[in-house]
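Please read the following briefing beside the sequence and the structure. It takes up one residue and its surroundings, and then a set of annotated positions.

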Number of protein chains: 2
Amino acid sequence: MSEDGHDLAREATALDGADALAPLRAAFVLGDDTVYLDGNSLGALPRTVAARLAGVVEQEWGRLGIRSWTESGWWTAPERVGDRIGHLVGAAPGQVVAGDSTSVNVFKAVVAAVRLAGPGRDEILVDAQTFPTDGYIAASAARLTGCRIRAVAAGEVPRAAGERTAVALVNHVDYRTGRLHDLPGITAAVHAAGARVVWDLCHSAGALPVELDADGVDFAVGCTYKYLNGGPGSPAYLYVRRELQPRFDSPLPGWNSHADPFAMSPDYTPAQGSARGRVGTPAILSLLALEAALEVWDGVHLAAVRAKSLALTDFFLRCVEAYVPQGAVESVTPAVHGERGSQVSLRCPSGAGAVMEELVRRGVVGDFRQPDVLRFGFAPLYTRFADAESAARVLAEAVAP
Amino acid sequence: MSEDGHDLAREATALDGADALAPLRAAFVLGDDTVYLDGNSLGALPRTVAARLAGVVEQEWGRLGIRSWTESGWWTAPERVGDRIGHLVGAAPGQVVAGDSTSVNVFKAVVAAVRLAGPGRDEILVDAQTFPTDGYIAASAARLTGCRIRAVAAGEVPRAAGERTAVALVNHVDYRTGRLHDLPGITAAVHAAGARVVWDLCHSAGALPVELDADGVDFAVGCTYKYLNGGPGSPAYLYVRRELQPRFDSPLPGWNSHADPFAMSPDYTPAQGSARGRVGTPAILSLLALEAALEVWDGVHLAAVRAKSLALTDFFLRCVEAYVPQGAVESVTPAVHGERGSQVSLRCPSGAGAVMEELVRRGVVGDFRQPDVLRFGFAPLYTRFADAESAARVLAEAVAP
């Protein structure tokens with residue numbers, strides 16, 4: 001134990017006192033005793049949501065009924081919410097649309113990217129450590145478009161991309177280790193090889209700055225129920241770079257993506273802009289809950305979020321080192337800031353599943369990923385330095401023989 | 001004018017008084033003055049929804065957080081809600097799964113059906129009058145699987161199905177005319193030709209008995225926001241006949257359809273049963289609102305719903321004939337009961353759009369479909385005979401020169 005527990009607890013109090021983002025915690029429904037370190041799986045409930053959802057149900061659906069598609073702005077919600085998300089991932093308005101699940105959006109993006117590829121390009125590169133659904137969906141896209149899949153480590157994508165590559169599908173932050181991949185560098189390398197890139201932002205959006213426009217990304221997808229706090233299974237999103245939109249050829253051309261959906265034409269003419277990424281009727285209750293949840297970001301700067309995220313994970317790693325017996329856990333999250341997302345993953349060789357159950361029982365909510373990883377997510381909008389210190393302390397007790 | 005207005009108004013009162021389903025109206029948020037005839041587009045709000053949704057947000061998300069995936073039954077909601085829907089469309093448990101949009105489910109079903117087809121079968125038959133999205137998605141499925149599309153009238157499907165046919169995609173009730181197609185007959189004819197059939201139940205489920213199991217249907221899809229009252233854009237559903245499930249080969253094999261999703265395996269092994277039709281994380285708020293909405297069906301018999309539906313549409317047609325000047329409108333909905341769904345569509349050659357706007361202004365909510373159709377939906381759980389009489393009376397005033 002390299003540092004004293006009292007010192008670390010005092011330091012946590014001081015850090016929380018000096019944290020400019022600390023007041024944002026009050027925008028969430030979180031008890032004082034809750035050590036919620038699972039915002040990388042399901043974000044906490046923003047206080048804006050319940051009242052907004054009640055209004056949508058009782059006023060917009062209950063009283064206005066069908067008229068709400070126009071009068072309450074339901075019809076344009078996917079683009080409107082998409083723009084709000086775009087603001088958080090460095091996308092100018094008109095390029096992000098909200099709807100469907102991440103998996104469905106991966107399918108749209110990968111198939112559309114293959115369709116943009118030049119002749120002879122029949123290879124889809126996927127991040128070998130990817131969150132599984134991306135790999136499964138990419139394999140389906142490959143099968144339907146006559147491509148083959150090649151799985152390589154994300155860091156190897158620049159070297160692997162070549163003249164056969166149509167598209168690379170890469171995770172910005174690895175869900176298991178919390179490793180942050182080099183989005184600008186990989187994007188540039190894939191482009192240099194003449195291919196397109198699809199980024200999965202599930203574990204980065206809302207936790208650190210993402211610059212889709214500035215970094216020249218072609219397509220991106222992500223969920224909104226982690227650091228964006230949209231609620232369980234809230235709609236995902238799709239970014240299609242503006243200059244690619246006129247050639248974006250969706251494999252799911254549902255009527256919501258039609259240029260004139262209410263003409264009910266038997267012929268398909270795609271809409272311009274981000275609406276081309278829509279499919280069917282959006283799940284309005286989930287979508288408007290997400291819209292309300294996104295209000296919490298008004299005036300928040302991602303640079304400040306990132307600074308706090310790194311300070312939190314640094315501090316947690318120090319507390320773990322100080323409290324947890326040597327050898328009981330080992331961090332698999334990179335120590336280098338430039339390679340770290342907003343979570344800390346600890347390999348726990350002995351009974352990781354049971355250790356996490358014990359943590360949850362004691363009010364420290366993280367999660368467990370097979371075979372032996374304890375994940376602790378640090379959502380900078382509401383996580384306190386005191387939470388980091390408590391979690392490490394309880395972890396030390398839980399792993400004690 | 002063949003009948004007297006006072007007589008019809010009195011008859012409406014008598015019919016409502018004798019209606020065994022009349023008490024169900026109280027289960028919905030509908031003002032006494034509301035003549036809501038748009039339940040074929042957006043069903044009315046069931047009273048169960050608001051409280052349930054508030055509980056999901058505040059208790060399940062806000063207090064239990066991530067634990068609700070298991071402790072509140074979120075993870076299994078798609079199958080649980082699917083079984084409730086299955087009960088209403090003649091499907092034994094384990095064959096219906098809720099989630100995604102109708103368009104996405106059409107894609108799954110059509111591609112899966114093509115993959116089941118024998119050699120040499122490369123034709124997808126689609127209902128030429130289909131709701132547009134089905135046609136657009138079928139065309140995409142054809143393009144990705146190397147098939148061709150052939151559009152024929154639904155009634156011609158039995159004659160058109162042949163040795164090249166892989167699958168026929170047919171609407172049970174035509175969205176524009178309200179025509180009910182012969183599900184058992186068309187299914188049998190398509191099967192006799194050695195092909196599969198996908199039924200779109202959007203405009204029939206909840207309005208009349210559907211017998212998917214008994215009629216040997218292969219696949220079916222539908223939305224839940226019309227006669228099932230699930231709310232705007234509530235999740236759609238997919239039926240895969242039990243004996244086809246082991247060979248159901250989804251083009252959208254997201255991680256939720258994996259046999260062991262939390263193993264996070266890089267290899268895809270599909271789940272058994274209806275879960276194989278899942279894709280990504282379900283939109284829980286919309287899905288559980290739907291679940292609450294479906295409670296209103298407990299103890300309701302579809303035969304009684306159908307009897308009231310036909311009585312309502314018969315009565316509305318009589319009122320229109322009695323009140324509306326000859327030639328101002330013409331019904332395009334079949335007069336024969338066996339060919340009628342639960343809506344009446346009136347062609348209104350002169351200014352149909354403006355006529356519907358005037359109706360809505362006067363509190364009679366139907367809708368308008370290009371180029372000249374006024375649609376009036378009769379949702380038997382909450383529509384009154386008095387509504388039918390009022391709507392016809394107001395329509396007569398609105399079309400008066």
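Ser103(A) counts as buried because its relative accessibility is 2%, where buried means under 20% relative accessible area, exposed over 50% and partly exposed in between, with a 1.4 Å probe and protein chains only. This is a predicted model, in which local features need pLDDT of at least 70, side-chain atom pairs count only at pLDDT 80 or more, and totals for chains, interfaces and linings use all residues. Residues are numbered from 1 along each chain as its sequence is written, and side-chain values use heavy atoms, with hydrogens and water left out.

**Surroundings of Ser103(A)**
- Ser103(A) is found in helix H5 of chain A, residues 102-116, helices being DSSP runs of H or I with at least four residues, numbered from the N terminus.
- Not counting residues up to four places away in sequence, Ser103(A) touches Thr133(A), Ile137(A), Gly254(B), Trp255(B), Val279(B) and Gly280(B), contact meaning heavy atoms within 4.5 Å.

**Surroundings of Asp134(A)**
- Asp134(A), placed in helix H6 (residues 132-145) of chain A, counts as buried because its relative accessibility is 1%.
- Leaving aside neighbours within four places in sequence, Asp134(A) is in contact with Val106(A), Leu169(A), Asn171(A) and Asp200(A).

**Annotated positions**
- An unreviewed UniProt entry carries the annotation "binding site" for a set of residues including Ser103(A), Asp134(A), Asp200(A), Trp255(A) and Thr281(A); such annotations may be inferred rather than shown by experiment.
- The annotated residues span 180 residues in sequence and their farthest two C-alpha atoms are 30.5 Å apart, so they do not all gather at one spot.

Terms used. Chains are lettered from A and ligands numbered from 1 in the order in which they are written. Helices (H or I, at least four residues) and strands (E, at least two) are DSSP runs, numbered from the N terminus.
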